[in-house]
Amino acid sequence: MSELDRLRSEIGALDRAVLEALNARLRLVRRVNEHKQEAGTPLIDAERESELLKELAAANPGPLSGRAVQALFAAVLDVMKQEVRGETRPQQPQSRPAGAAIGSLSVIGTGLVGSSVALAARRSGVAKVTGWDADGSTLREALGAKAIDDAAASLHAAVAGAELIVIAVPVGALVAATQDVLAAAPEGATVTDVGSTKRALAAAFDDHRLVPGHPLAGGASGGPARASADLFDGATWFLTPLPASDVARVELVERFVASLGARAVRLDPETHDRLLALTSHLPHALANLLMQDVAASGDEALGYAGASLREMTRVAGANPTVWADIFVENGDLIADALTTHRDELANVERALRSGDRGFFEQWIGQAAEARNRMLEYAYRTEARMLNRIRIRIPDKPGVIARITQTLGAAGINIEDFELRHVSPEYGGVLVILVSGADNAELARALLRREGYSAA
């Protein structure tokens, strides 16, 4: 046996010994937990775990560093919790998209959303997905990404024989594309779209085959390469049927939307465009305005920008081609929203110049109440149950993974999180949202066990 083989053999023997020790430890942990359950005491004692890690680091003879010892045994503690939790808490069945609602699909426009529709449809079991795009390179990219089964040579070829046709083109081209599709599509085909505005489509068509729609999903940048089959999982998908839309076809599109993992909600086109003007289009407009206002002050303002500016302008500069179309198509309602916003700004300006503290106390309080109601809708829980935990983290790989592993092992769900990078020297701040005071208290204790601040 060579020296290398001998060393490898010794390592293998040690690995088996470690494995045996870990299994023995798990058996002991199970017995400890049985005693805790009988006594009604908490199963996780973060303070004791923290002391144990310190004791092990202090007893370490080397060559492992103290930090390595703490990291290794913290991982062991988490794995043990996961094993025991898997035994005592039955796994909740995950909601899965419904099965295929149709047999054949045609996607007209194979960018990010169109290709994602195609991928999600294939995941649901649709037997044949055909794509067509006026841009040949985009179509070839979608075929190369395996979003579609077949790249049609023409629009007519794409829609021939399709049970459902999804039009996924920019809203500026939507009316013309829909007209072409309806002219080419067979009588038996149902037609829907994914456009962000709906009034122009409703005004232009009165066809029983057409069921307009709009999924609240997408991204700042597009293309088939960024498409994903799970883009619509849990997403709201608005449907704005026309007065002439056939009821059976509306129901077909609803089943298709469900098969992609989304939730269909019916609205009339006017209500849809008004709601989106307020909840999506106005924020984009304000983000662009704010970014340009700050940039006009020079690089000094940009260089000292705080986290609040970065958060408020996250959507600034999103896909100019797509958003220019949206601002034009829904311009009147966005302008109305900006007018209301301008009137409210005038009140704020008056209060600023007069030093009206009472105005600001009431104004901020009303905003806080409104945001709490929004969070309750988003997380389906009372706002008072949501707890924010602020964690300073270093700027290095693996930190966020370690935090999520630690909380996940304890069965603590992170409802949401925000990551704010400050500088390479300082690192950043991770703000997580946890539901329930008990979960928040345990999360803080576990994070402090790992050496993080948890305010």
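The model is a predicted one, and I began with the pairing of β7 and β8, which run antiparallel and are joined by three bridges. Within this stretch I looked up G213 and found that it stands opposite L239 in β8.

I then asked which strands make up the sheet and in what order they lie. The sheet is open and has three strands, in the order β7-β8-β9, with mixed pairing. β7 (213–215) and β9 (263–266) each have a single partner strand and stand at the edges, so one side of each is left without a neighbour in the sheet. I noted that neighbouring strands are turned by 25 degrees against each other on average, with direction ignored. Helix α9 packs on this sheet, where it touches β8 and β9, and its direction makes about 145 degrees with that of β9.

Next I turned to the nonpolar cores. The largest has 30 residues, of which L105, V117, V129, W237, F256 and L260 touch the most other members. Among the elements that give two or more residues to this core are β8 (236–239) and α9 (247–259), as well as β1 (104–108) and α4 (112–124). A second, separate core of 21 residues includes I167, L182, L201 and L242.

Last, I looked up helices α14 (residues 331–354) and α15 (residues 357–379), whose axes are 8 Å apart and which pack at an angle of about 140 degrees; the two are therefore oblique to each other. In this contact, N347, V348, A351 and L352 of α14 meet F359, F360 and W363 of α15, and by class I recorded six nonpolar residues, one polar and no charged.

Methods:
Residues are numbered from 1 along each chain as its sequence is written. This is a predicted model: local features need pLDDT of at least 70, side-chain atom pairs count only at pLDDT 80 or more; totals for chains, interfaces and linings use all residues. Side-chain values use heavy atoms; hydrogens and water are left out. Axes are lines fitted to C-alpha atoms, for helices over the stretch in contact, and angles run from 0 to 180 degrees between N-to-C directions. Helices (H or I, at least four residues) and strands (E, at least two) are DSSP runs, numbered from the N terminus. Angles under 35 degrees count as roughly parallel, over 145 as roughly antiparallel, 65 to 115 as roughly perpendicular and the rest as oblique. Contact means heavy atoms within 4.5 Å. Ala, Val, Leu, Ile, Met, Phe, Trp, Tyr, Cys and Pro count as nonpolar, Asp, Glu, Lys and Arg as charged, and the others, Gly among them, as polar. A nonpolar core is a set of buried Ala, Val, Leu, Ile, Met, Phe, Trp, Tyr and Cys residues joined through side-chain atoms within 4.5 Å. Buried means under 20% relative accessible area, exposed over 50%, partly exposed in between (1.4 Å probe, protein chains only). Two strands pair if DSSP finds at least two bridges between them.
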